[in-house]
Amino acid sequence: MRVRGWWSAAWPTRRSRALDVFLALAVAAGDGAFLWFVDQEFWLPPPVTSGCSVVLGLAVVVRRIHPVGLALFLLVFGTITGAGAFSTLVILYSLAAYTASRRTVVIIAVLGYVASLVVTAPTSATDPFVAQAIFGVAFVAVPVLLGLYMGARKQLLASLQERATRLEREQHLLAERARGEERTRIAREMHDVVANRISVMVVHSGALKATAVRDPVRAAETAGVIGDMGRQALEELRQVIGVLRRGEEALPHEATDLLHVRELVEQSGAAGLRVDLSIRGDERPMPAAVGRTVYRLVQEALTNVHKHAGAADTRVDLGLLPGAIEVEVANDPPAARPDHRLPSGGNGLVGLRERVTALGGTFEAGPRGGGYAVQATIPLPAP
């Protein structure tokens with residue numbers, strides 16, 4: 001595993017591995033032949049210098065993973081033996097391109113430049129110092145500057161690629177969150193449409209069964225209420241399915257007002273629930289989102305009374321304040337457990353809390369005096 005990790009770090013792709021092997025062989029052969037036939041003798045004989053150049057050229061194969069070590073090897077070995085020509089250019093370029101520290105690159109490049117001026121070949125001692133200095137600057141600066149440019153370009157491309165990957169990952173997470181929120185919203189709407197309506201219809205059907213024989217007129221009224229509620233449930237269900245098929249624009253934006261709340265109270269009263277509605281403040285149109293939330297609050301609270309408290313006395317109090325709407329639905333302790341045995345999923349109050357907090361309001365629900373109370377304050381948007 002360690003060998004494989006070193007191997008992948010040195011050559012991340014087959015193309016890079018093939019390139020470095022070919023480059024090392026080519027540089028070794030080129031330097032060896034060049035310094036064998038060149039008419040300039042260093043401290044060592046040309047065959048020895050040529051052989052040392054081959055060794056230095058073959059060392060180019062590790063230029064990606066050990067650029068600093070390879071440059072120091074060039075600085076010491078090349079200065080002593082006079083080896084290296086084309087390999088020097090490749091090593092200086094690799095030092096600048098693959099070394100993270102720019103300070104290290106500059107220090108080694110300056111040391112190599114100074115060494116080229118101090119330690120010169122015997123046959124070059126008669127050359128003008130200015131010419132040697134200018135040639136040394138060009139010989140060292142060109143590959144170093146090119147390597148710095150390519151290294152910076154590589155880092156920029158890697159940074160852009162990482163940023164694109166991060167943005168794609170964030171976009172995926174946002175899409176997942178949006179889908180989760182949409183599933184939660186759809187589940188909440190389906191609960192409001194199906195659970196609440198059907199629960200009250202079950203209560204009405206129980207009342208219809210009890211009064212069908214002794215009070216036919218009351219039974220007929222109850223049957224009419226069940227039919228109306230069934231049609232309302234179907235209409236709301238159709239709206240939810242329309243949202244699933246065509247998006248939010250399929251949902252009608254009819255404002256929910258206090259008339260709808262009164263209808264809810266009347267339906268619960270027709271099912272045998274003793275419920276009183278009180279409204280404080282001046283009645284006025286409510287924003288669509290606020291009106292729907294108030295309607296769902298009263299609907300869910302009355303449905304829970306039907307489920308758990310039966311015919312317990314219930315109070316619905318609406319406070320129409322200048323900057324907010326206060327809603328309170330509270331019931332007294334039940335005289336007896338209801339006999340309809342309606343199931344409870346436990347998600348209704350959670351959905352109400354989500355609705356209210358989404359509008360910036362507060363929500364509380366819990367036992368009170370043996371009964372149960374649901375309270376919410378929904379702020380009105382600024383005009």
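This is a predicted model: local features need pLDDT of at least 70, side-chain atom pairs count only at pLDDT 80 or more; totals for chains, interfaces and linings use all residues.
**View 1. The largest cavity and its lining.** The space inside amounts to about 70 Å³, and the structure holds one cavity of 30 Å³ or more. Helices α7 (129-211), α9 and α10 each supply at least two of the lining residues. The biggest share comes from α10, which gives four.

**View 2. The largest nonpolar core.** Here you can look at a group of 30 residues that make up the largest nonpolar core. Val294, Leu297, Val298, Leu302, Ile325 and Val327 have the most contacts inside it. Both helices and strands take part: α9 (258-270), α10 (288-308), β2 (314-320), β3 (324-331), α11 (348-358) and β5 (371-379) each give two or more residues to this core. With eight residues, α10 gives the most.

**View 3. The surroundings of Val327.** Now zoom in on one member of that core. If we set aside its neighbours within four places in sequence, Val327 is in contact with Val294, Leu297 and Val298, and also with Asp317, Leu318, Val374, Gln375 and Ala376. Elsewhere, a second, separate core has 18 residues, including Leu56, Ala59, Ala71 and Ile91.

**View 4. Helix α4 from end to end.** This helix covers residues 67-81, and you can check its length yourself. At 1.5 Å a residue, its 15 residues should span 21 Å; the C-alpha atoms at its ends are 20 Å apart, so the two values agree. Pro67, Leu70, Ala71, Leu74, Gly78 and Thr81 are the buried residues of α4. Among the elements that cover them are α3 (46-58), α5 (86-98) and α6 (102-118).

View 5. How many aromatic pairs does the structure hold? There are two, and one of them is formed by Phe73 and Phe77, whose rings are stacked. Their centres are 4.9 Å apart, with 10° between the planes. Both residues belong to α4, where they sit four residues apart, about one turn of the helix. Is Phe73 buried or partly exposed? Its relative accessibility is 32%, so Phe73 counts as partly exposed.

Note on methods: Residues are numbered from 1 along each chain as its sequence is written. Side-chain values use heavy atoms; hydrogens and water are left out. The expected span of a helix is 1.5 Å times one less than its number of residues. Buried means under 20% relative accessible area, exposed over 50%, partly exposed in between (1.4 Å probe, protein chains only). Contact means heavy atoms within 4.5 Å. Rings of Phe, Tyr and Trp (its six-membered ring) pair if their centres lie within 6.5 Å; planes under 30 degrees apart count as stacked, over 60 as edge-to-face and the rest as tilted. A nonpolar core is a set of buried Ala, Val, Leu, Ile, Met, Phe, Trp, Tyr and Cys residues joined through side-chain atoms within 4.5 Å. On a 1 Å grid over the protein atoms alone, a cavity is a set of points where a 1.4 Å probe fits but cannot get out, and a pocket is an open set with protein on both sides within 12 Å along at least five of seven lines; lining residues have an atom within 4 Å of a point. Grid points are joined across faces, edges and corners, and a volume is the space filled by probe spheres set on the points.
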